[in-house]
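Please look at the sequence and the 3D structure below before reading on.

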Amino acid sequence: MDTAQHDTPQPEWIENITYDELTIGQSARLLRTLTLADIQAFAAVSGDTNPAHMNPEYAEETLFHGVIAHGMWGGALISALLGTQFPGPGTIYLEQVLHFTKPVRIGDTLAVTATVISKDDAKKRVELDCQVVNQKGDRVLHGTARVLAPTQKVRLEHVRAPQIRLFDPEARFRELLALGDGIPPVRCGVVHPCDVESLSGAMDSARHGLIIPVLIGPEARIRHIAAEAGIDLNAAEIVGVPHSHAAADKAADMAAAGEVDILMKGSLHTDEMIHAVLSRPALRTGRRMSHVFRFDVPLYSKPLLITDAALNIRPSLIEKVDIVQNAIDFARILGVKQPKVAVLSAVETVNPNIPSTLDAAALCKMADRGQITGGLLDGPLAFDNAISARAAQVKHIQSPVAGDADILAVPDLESGNMLAKQLEYLGGASGSGLVLGARVPIALTSRADGPMTRVASALLALLAAHNARRDHPREAWSQH
């Protein structure tokens with residue numbers, strides 16, 4: 001069998017073969033190539049998450065030396081052949097005997113064949129020999145099936161299988177962490193980590209090799225939380241201060257003096273921490289500070305950045321210039337060569353009664369004039385046509401950004417915050433966040449964020465710090 005063979009194409013109509021039409025020796029075949037998505041979908045439907053199928057590291061150490069398909073995936077292909085083609089609709093499964101002889105690996109193309117070997121005229125029962133052979137000619141599965149064959153002829157329109165959209169947050173998380181491979185950890189001032197979530201998030205980030213944690217807060221309280229939660233603080237330095245306000249001031253001073261490369265928010269209010277940073281001239285860059293969310297969205301083909309949904313409440317046009325530029329620069333750090341920026345509003349046409357449409361049009365023209373660089377801007381765009389090529393096509397929008405945005409620039413904090421939380425809580429997105437525009441990046445997380453989000457935010461901060469150190473190696477803040 002040629003390895004270039006593809007899955008058996010689905011006909012527009014399916015027609016069964018009745019009991020009377022079946023003859024001894026008659027057979028049918030289908031082809032199917034195993035993909036990683038097949039394994040993941042089978043695991044999702046069946047609940048069989050055996051690491052031999054799902055964990056490449058574990059699977060490599062097994063007898064099979066790599067990930068293999070679930071054995072019953074091959075059995076399901078036999079069922080598909082019997083139920084849709086041979087004999088087809090009206091067939092009732094009575095019995096299936098299976099013998100598993102060789103593993104099936106990702107990329108294997110299987111030929112599934114069913115052959116009639118006996119018929120029982122009184123009961124309309126048919127016995128079929130079932131063979132499953134891979135592209136090398138090796139038999140991977142065989143057995144016999146006993147069915148009640150249909151007695152009435154039917155011809156039906158082919159029913160399309162529902163689409164399964166697979167989203168593996170842990171796999172996306174590992175892909176994100178891989179961006180930090182080869183980058184040494186940096187000193188991180190963790191500001192007032194006085195709850196279990198922020199303290200464990202900092203230590204998890206250290207365990208992943210992203211940061212060298214410097215815990216800034218009331219030492220006795222930090223140690224008490226660690227002891228109660230079983231968090232190991234051996235890898236951490238603790239800088240004792242009496243309360244959250246003092247922790248924010250101390251962290252900002254350490255960042256200004258180059259004693260830490262990044263900051264991470266603990267259990268204090270965001271404005272308390274940001275105020276401390278803004279009050280240190282040495283931490284200012286001349287650009288507006290802004291927040292960027294990074295989301296892995298199940299129904300979107302690539303990571304999506306949203307800005308600003310956490311820091312600037314009602315930014316002016318000139319402030320939006322910095323917000324967009326910060327996001328573009330960061331997207332480039334993440335490997336997007338020319339980020340596509342959709343400047344959002346409620347509509348995709350300029351309307352003087354909707355100020356955000358005027359800002360969007362102005363930002364695009366400013367990009368044309370070189371006042372915003374490194375990205376491709378379009379706006380105003382409504383959310384649907386910013387992320388859906390189909391929606392853009394229906395509305396006759398000709399744009400290289402529409403339907404393919406890397407960055408969504410929102411009109412204000414309210415709309416951005418609602419959008420971000422809707423993606424997370426209704427859309428199943430995995431998010432992380434970062435404050436840009438200061439001399440040090442700030443990993444900014446919410447009290448409701450889980451460990452994965454906190455580690456991902458630390459990774460974003462590490463990437464930004466590494467980029468700043470590379471571009472400005474002689475600046476005092478990055479020297480220890």
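What follows is a short briefing on a predicted model.

Residues are numbered from 1 along each chain as its sequence is written. In this predicted model, local features need pLDDT of at least 70 and side-chain atom pairs count only at pLDDT 80 or more, while totals for chains, interfaces and linings use all residues; side-chain values use heavy atoms, with hydrogens and water left out.

**Confidence**

- The average pLDDT (the predictor's confidence in each residue, from 0 to 100) is 91 for the protein, and 95% of the residues score at least 70.
- Residues 1-5 stay under 50 in pLDDT, and the model gives them 13 contacts (heavy atoms within 4.5 Å) beyond four places in sequence.
- The stretch 474-480 also has pLDDT below 50, with 23 contacts in the model beyond near neighbours in sequence.

**The second largest pocket**

- On a 1 Å grid over the protein atoms alone, a pocket is an open set of points with protein on both sides within 12 Å along at least five of seven lines, whereas a cavity is a set of points where a 1.4 Å probe fits but cannot get out; lining residues have an atom within 4 Å of a point.
- Helices (DSSP runs of H or I, at least four residues) and strands (runs of E, at least two) are numbered from the N terminus.
- Helix H14 (413-425) is among the elements that give two or more residues to this pocket's lining, and H14 gives the largest share, six residues.
- The pocket lining divides into 10 nonpolar (Ala, Val, Leu, Ile, Met, Phe, Trp, Tyr, Cys and Pro), six charged (Asp, Glu, Lys and Arg) and 14 polar residues (the others, Gly among them).

**Cavities**

- Two cavities of 30 Å³ or more are present in the structure.
- The largest cavity has a volume of about 100 Å³.
- It is lined by 18 residues, with Thr-307, Lys-320, Ala-409, Val-410 and Pro-411 closest to its centre.
- H11 supplies the largest share of that lining, four residues.
- The lining of the largest cavity has 11 nonpolar, three polar and four charged residues.
- The second largest cavity, of about 40 Å³, is lined by Ser-198, Met-264, Lys-265, Ala-443, Thr-445, Arg-454 and Ser-457.

Note on methods. Points joined across faces, edges and corners; volume = space filled by probe spheres on them.
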